[in-house]
Amino acid sequence: MHENTAENSVILCRSCDLAIRKRALPTGVRALCPRCNTALYDTPYCSVNGMLALCITALVFYFPANFFPVLEIHFLGSIRTTTVFQGAFAVFDQGYWVVGIAVLAAAVVGPGLLILSILIQLLIVKWGLDSPLGRHSLKQLLKFQGLLSQLTMLEIYVISFLVSSFQLSDFSDIYFGMGTFCFTMLFLVTLFLQREYDIEHMWGLLMQERH
């Protein structure tokens with residue numbers, strides 16, 4: 001197989017099914033279908049080092065986002081605080097164990113695994129592609145990347161606690177804690193990380209280094 005297999009592969013336009021030979025693009029350039037002008041593919045804006053910086057930033061926000069208070073409720077002299085982790089178990093304790101597991105998976109476990117998976121992939125691309133173990137590990141991580149992306153739903157949790165805070169503000173005082181800031185930053189960094197991550201580009205890097 002040729003060194004530039006990924007760039008020279010043939011893809012089909014999603015709109016008109018025109019077969020187009022894939023070419024290497026400069027950073028920030030998007031390929032368009034010559035017949036219907038549909039966007040076909042583009043190259044990531046971030047380099048591997050830029051993606052690594054995003055992963056480390058996401059990990060910095062990950063732990064305070066899940067274990068620091070996101071809401072502080074003042075009601076008739078009583079003060080209650082809650083974290084994302086406590087919120088998931090509170091739902092579980094109320095008997096809604098399916099919802100509790102879903103919250104725990106989508107807001108805590110899923111994002112953590114996604115960030116770690118991308119971080120390990122980038123470290124292998126940067127330093128470990130020369131070893132068979134590194135290539136095998138990268139291949140296995142790429143196979144599960146789609147599942148981890150679907151499991152991560154931080155945006156739903158952000159919307160949920162914002163809606164809850166507006167509803168509770170009618171009869172109690174609501175204060176946002178450090179966890180709110182960290183969770184919002186984690187959501188934004190993860191969103192940008194997923195936008196920049198291109199699984200086809202990662203597969204291409206893996207295939208290029210094999211020959």
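Let's start at N37, which is exposed because its relative accessibility is 55%. The cut-offs, so you have them: buried is under 20% relative accessible area, exposed is over 50%, and partly exposed is in between, with a 1.4 Å probe and protein chains only. N37 sits in the loop between strand 3 (30-32) and strand 4 (39-42). Helices here are DSSP runs of H or I with at least four residues, strands are runs of E with at least two, and both are numbered from the N terminus. The phi of N37 is near 65 degrees, a positive value in a residue other than glycine.

D17 is another one to look at. Its phi is near 60 degrees, again positive in a residue other than glycine. You'll find D17 in the loop between strand 1 (10-12) and strand 2 (19-21), and with a relative accessible area of 54% it's exposed.

Before I go on, a bit of housekeeping. This is a predicted model, where local features need pLDDT of at least 70 and side-chain atom pairs count only at pLDDT 80 or more, while totals for chains, interfaces and linings use all residues. Residues are numbered from 1 along each chain as its sequence is written, and side-chain values use heavy atoms, with hydrogens and water left out.

So how confident is the predictor? pLDDT is its confidence in each residue, from 0 to 100. The mean for the protein chain is 82, and 93% of its residues reach 70 or more.

Now the overall layout. The chain is divided into domain 1 (10-43) and domain 2 (48-209), with bounds that come from an automatic or database domain assignment. Taken over C-alpha atoms, the centres of domain 1 and domain 2 are 31 Å apart.

Next, the aromatics. How many aromatic pairs does a search of the whole structure find? Two. For the rule, rings of Phe, Tyr and Trp (its six-membered ring) pair if their centres lie within 6.5 Å; planes under 30 degrees apart are stacked, over 60 edge-to-face, and the rest tilted. F61 and F181 make an edge-to-face pair, 6.2 Å centre to centre with 80 degrees between the planes. F61 is in helix 2 and F181 is in helix 7 (residues 178-196), so this pair ties together parts that are 120 residues apart in sequence. F61 counts as buried at 16% relative accessibility, whereas F181 is partly exposed at 46%. The other pair is Y62 with F63, also edge-to-face, at 5.2 Å centre to centre and 85 degrees between the planes. Y62 is buried, at 10% relative accessibility.

Staying in helix 2, there's V60. V60 is exposed, at 54% relative accessibility. V60 and M185 are 125 residues apart in sequence, yet their C-alpha atoms are 10.0 Å apart in space.

One more ring: K126 lies over the face of W127, 5.4 Å from the ring centre. To count, NZ of Lys or CZ of Arg has to be within 6 Å of the ring centre and within 35 degrees of the ring normal.

Helix 7 also holds T180, which is buried at 9% relative accessible area. Not counting residues up to four places away in sequence, T180 touches P69, V70, L71 and F161. Contact here means heavy atoms within 4.5 Å.

Last stop, helix 5 (residues 132-151), where you'll find Q145. Is Q145 buried or exposed? Buried, because its relative accessibility is 2%. Its side chain makes a polar contact of 2.8 Å with the side chain of Q121. A polar contact is a pair of N or O atoms within 3.5 Å; within protein, one must be able to donate a hydrogen and the other to accept it, and residues adjacent in sequence count only if both atoms are side-chain atoms. Leaving aside neighbours within four places in sequence, Q145 is in contact with L114, S117, I118, Q121, Y197 and I199.

G134 is in helix 5 too, and at 9% relative accessibility G134 is buried.

How values were computed: pLDDT = per-residue confidence, 0-100.
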